[in-house]
Amino acid sequence: MSTHAQPAADIVRPRRTALHALAETRGLLGGHVAASRPVTFETDDGVALRASLLPGPSAPAGPGPAVVLLHGFAAHRLKPRYAWLADELATRLTVLSVDQRGHGQSAGVSGLGASEASDVRAAVGRLREAGHPWVAVVGVSMGATSTVTAAAAGVAMDAAVLISGPGWIEMEPTTAPMQRLRRVWHAPGGRAALRGVIGVRIADHRGWQAPAHPADAAGALPNPTLVVHGEDDLWFPRSHADALVAGHGDATDWREPGFGHAEDGFWDPFGRRLALALRAAYTSGRFPDRQELLWPV
């Protein structure tokens with residue numbers, strides 16, 4: 001199988017209506033194509049999590065490398081683009097795709113990446129108990145914050161991928177999407193509206209404790225670490241990724257043209273490149289540069 005992916009310019013993305021997007025968020029559309037089974041496990045603070053386990057390629061010598069996949073805010077593991085990414089990663093590794101607390105079929109309330117360190121610890125532990133010798137964590141947007149927070153809390157992971165993650169936590173957001181989210185979250189009845197409309201259960205903002213700025217905690221992430229960020233991300237500007245890379249000190253940096261934010265970029269060739277990159281990190285101890293996985297121009 002070729003290790004090259006077609007240029008991003010060849011990507012054709014179908015348009016989604018607002019109704020279609022809502023149906024995806026509520027779990028009315030989506031699911032895995034690859035072989036998978038649902039699993040349930042509990043965090044150290046008593047939250048029941050639901051996940052999909054995708055066994056990946058057969059490993060005659062025993063359990064092979066594995067990855068924990070963490071979605072972004074207002075998403076879940078069965079949402080079409082996240083399920084697709086899990087299916088793609090499962091061509092190379094075992095995948096445990098987790099509904100983080102307050103999302104999908106998991107219990108609890110979302111801490112926006114703060115309390116989710118316990119979710120990451122439980123998911124990594126589940127794979128370790130199953131005998132997987134190498135476990136990476138792939139966190140997307142809020143899931144990237146969860147990944148950094150978990151690493152800072154001492155969760156041992158062998159590699160990390162941060163996709164569309166923030167470099168710092170803004171109490172007064174500067175981008176329009178984050179401003180809209182904050183207004184809803186802080187409005188009377190806002191949390192009830194989020195639960196009723198998109199099914200997300202979120203912590204009360206009045207008692208919420210923000211996690212450490214991810215860029216400040218990025219040094220706790222393992223080597224290798226990969227930072228992926230869209231050049232046209234409307235939620236977190238490119239400067240957030242720059243701060244994460246600088247905070248880690250030795251991260252591989254993929255700047256993705258035409259990627260957007262989080263699941264907006266989950267289309268081929270990105271999925272194939274990420275699967276290949278994770279496998280390379282397992283075999284060589286480093287993530288390849290983006291250019292190493294592109295067709296020659």
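1. The structure holds 17 salt bridges, counting a side-chain nitrogen of Lys or Arg within 4 Å of a carboxyl oxygen of Asp or Glu. This is a predicted model, where local features need pLDDT of at least 70, side-chain atom pairs count only at pLDDT 80 or more, and totals for chains, interfaces and linings use all residues. Residues are numbered from 1 along each chain as its sequence is written, and side-chain values use heavy atoms, with hydrogens and water left out.

2. On confidence: mean pLDDT (the predictor's per-residue confidence, from 0 to 100) is 90 for the chain, with 88% of residues at 70 or more. Residues 1–12 fall below 50, yet that stretch has 27 contacts (heavy atoms within 4.5 Å) beyond near neighbours in sequence. Residues 19–24 are also below 50, with 11 such contacts.

3. Take Arg101 and Asp45: their closest N and O atoms sit 2.9 Å apart in a salt bridge. Arg101 lies in the loop between β4 (94–98) and α3 (117–129), while Asp45 is in the loop between β1 (37–42) and β2 (48–54), 56 residues apart; helices (H or I, at least four residues) and strands (E, at least two) are DSSP runs, numbered from the N terminus. Arg101 is buried at 4% relative accessibility, whereas Asp45 is partly exposed at 42% (buried is under 20% relative accessible area, exposed over 50%, partly exposed in between; 1.4 Å probe, protein chains only).

4. Then there's Asp242 with Arg238, another salt bridge at 2.9 Å, N to O. They are 4 residues apart in helix α8 (residues 238–248), so about one helical turn separates them. Shared partners join Arg238, Asp242, Asp253 and Arg255 into one salt-bridge network.
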